Amino acid sequence: MKYLKIVGNKEIDGEITISGAKNAALPLIAATILSKNEIQISNLPNVVDINTFLKLIDMLGGSFKKVEDKVYIDTTKIDNTTATYDIVKTMRASILVLGPLLSRFGVCEVSLPGGCAIGQRPVDLHLKAMEQMGAVIEINHGYIKATAPNGLKGAKIVFDKVTVGGTENAVMAASMANGTTTIINAAKEPEIVQLCEIIQDAGVKIEGIGTSKIIIEGTNGELLDMKNFSVIPDRIEAGTYMCTAAICNKKLKINNIIPIHLEAVISKLEEMNFEILQEETSLTILPTNEIKPVNIITSEYPGFPTDMQAQFMALATQANGTSTIDERLFENRFMHVSELARMGADIHLNGNIATIKGNAQLNGADVMATDLRASSALVLAAIVANGETNIHRIYHLDRGYEDLEGKLSNIGVNIKRFTE
Ligand code: EPZ
């Protein structure tokens with residue numbers, strides 16, 4: 001197994017360029033199942049989850065060819081509609097093939113994703129949406145079997161809870177359904193906006209993109225005329241490197257971003273007393289004379305992202321005062337707390353609220369990565385800790401951060417990968 005060794009040193013300097021967004025690319029690759037022609041996707045991040053999803057496309061009978069940060073995907077020959085346990089257990093996002101496969105073939109089987117390190121993460125809302133569009137769902141031997149022999153029908157779907165993946169599945173399913181689908185209480189994340197825009201560019205009539213009410217006129221079984229496209233920049237990767245600058249209290253320029261996607265993160269960093277200079281596709285974070293504490297409540301977009309909570313917790317250990325983080329989306333997303341405590345952080349947990357004492361002297365230690373964003377919080381803490389930190393189980397990081405070591409080494413972080 002691989003681990004990362006980081007020697008603490010706050011002396012960072014320079015610029016970081018952000019890669020394509022993993023969480024945008026995953027549903028977009030799933031959407032190519034709806035395409036009648038080969039699609040070229042560019043600005044694709046080179047991370048394990050994307051490669052796993054491409055493998056899934058291959059297992060279904062599609063094919064792909066990677067050339068640098070581009071991939072050519074051809075799903076015209078798909079002849080298998082089952083996402084097996086082997087693949088779903090390594091990546092829950094495999095559930096995103098449900099909507100497009102069902103809509104195109106009238107049948108789909110997906111191994112039921114289990115809970116994971118951040119919570120139970122049921123998929124009941126995805127299934128309910130498919131049922132509302134006329135699918136019959138059975139769960140047998142750990143597999144979801146969805147059938148709609150006469151195709152899916154447009155429907156009114158009211159999500160009980162805002163769900164990113166559920167909205168994505170509903171949008172993809174509705175695109176080839178018979179009739180109009182109205183999705184109410186839809187998620188509004190930029191990743192969903194891009195998915196809707198790509199489907200719209202393929203000739204599907206969609207209203208309400210980026211709002212909580214999306215109306216889609218399905219093509220009644222006709223495949224979509226998808227065009228080539230480029231994946232939006234990863235707002236969570238950008239936020240993670242903004243926190244890297246903030247925790248070191250150094251100037252850093254972040255390139256290839258869409259500033260509006262980062263508004264909640266920018267606003268919290270400003271509350272912490274950092275000045276951020278924004279340009280069209282980049283921003284620069286400047287050092288401050290005092291890092292102020294902050295209170296954060298995670299919520300759906302455009303609120304503060306749960307995917308940035310762990311990184312802000314690492315940062316809050318260096319603030320001048322006590323901060324709080326209230327995690328409202330996932331019931332178990334505080335696994336990083338005990339690992340940060342091993343490095344000297346003083347964090348008190350009360351249910352879903354973490355209280356973080358600032359001015360902590362962090363010391364290098366052996367720590368364990370537990371999920372993607374928890375791992376990046378440990379990287380941040382290690383960068384400012386005294387001495388050496390070894391971060392184990394870094395396969396979590398490899399799932400979602402492209403070339404993390406390369407990007408951090410370039411700005412002066414002493415970080416190396418070893419095999420234990
Ligand atoms: C997406 O997960 C992201 N993953 C997550 O990113 C992110 O943390 C999350 O959205 C919230 O922003 C991808 O985009 C691939 P949800 P998703 O459905 O779609 C509950 C990362 O680190 N729920 O919006 O699975 C659910 O349990 C990751 O990159 C149901 O109850 O999230 C959670 O409490 C991790 N029933 C809440 O809704 C359902 O059927 C929001 O989950 C579906 C969800």
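K22, D49 and R399 are tied together in a network of salt bridges. Keep in mind that this is a predicted model. Across the structure, the count comes to 18 salt bridges.

| Salt bridge | N to O distance |
|---|---|
| K250 and E11 | 3.7 Å |
| K128 and D160 | 3.1 Å |
| E237 and K407 | 2.7 Å |

Take E237 and K407, which pair at 2.7 Å. They link distant parts of the chain, with E237 in helix α8 and K407 in helix α14, 170 residues apart. Are these two buried or exposed? E237 has 1% relative accessibility, so it counts as buried, and K407, at 11%, counts as buried too.

K128 and D160 also form a salt bridge. K128 sits in helix α5, while D160 is in the loop between β10 and α6, 32 residues away. K128 is partly exposed at 34%, and D160 is exposed at 57%.

Now for the ligand. It has 22 residues around it, and D124, L125, T163, D307 and L329 are the closest. That shell divides into 10 nonpolar, five polar and seven charged residues. Helices α1, α5, α6 and α12 each supply at least two of the shell residues.

A polar side-chain atom of R121 lies 3.0 Å from one, and a polar side-chain atom of D307 lies 2.6 Å from one. With L329, a backbone N or O atom lies 2.5 Å from a ligand oxygen. Taken alone, the ligand exposes 840 Å², and the protein buries 87% of that.

Terms used:
Residues are numbered from 1 along each chain as its sequence is written. This is a predicted model: local features need pLDDT of at least 70, side-chain atom pairs count only at pLDDT 80 or more; totals for chains, interfaces and linings use all residues. Side-chain values use heavy atoms; hydrogens and water are left out. A residue is near a molecule or strand if one of its heavy atoms lies within 4 Å of it. A polar contact is a pair of N or O atoms within 3.5 Å; within protein, one must be able to donate a hydrogen and the other to accept it, and residues adjacent in sequence count only if both atoms are side-chain atoms. Accessible areas come from the Shrake-Rupley method with a 1.4 Å probe; for residues, only the protein chains shown count as cover. Helices (H or I, at least four residues) and strands (E, at least two) are DSSP runs, numbered from the N terminus. Ala, Val, Leu, Ile, Met, Phe, Trp, Tyr, Cys and Pro count as nonpolar, Asp, Glu, Lys and Arg as charged, and the others, Gly among them, as polar. A salt bridge is a side-chain nitrogen of Lys or Arg within 4 Å of a carboxyl oxygen of Asp or Glu. Buried means under 20% relative accessible area, exposed over 50%, partly exposed in between (1.4 Å probe, protein chains only).
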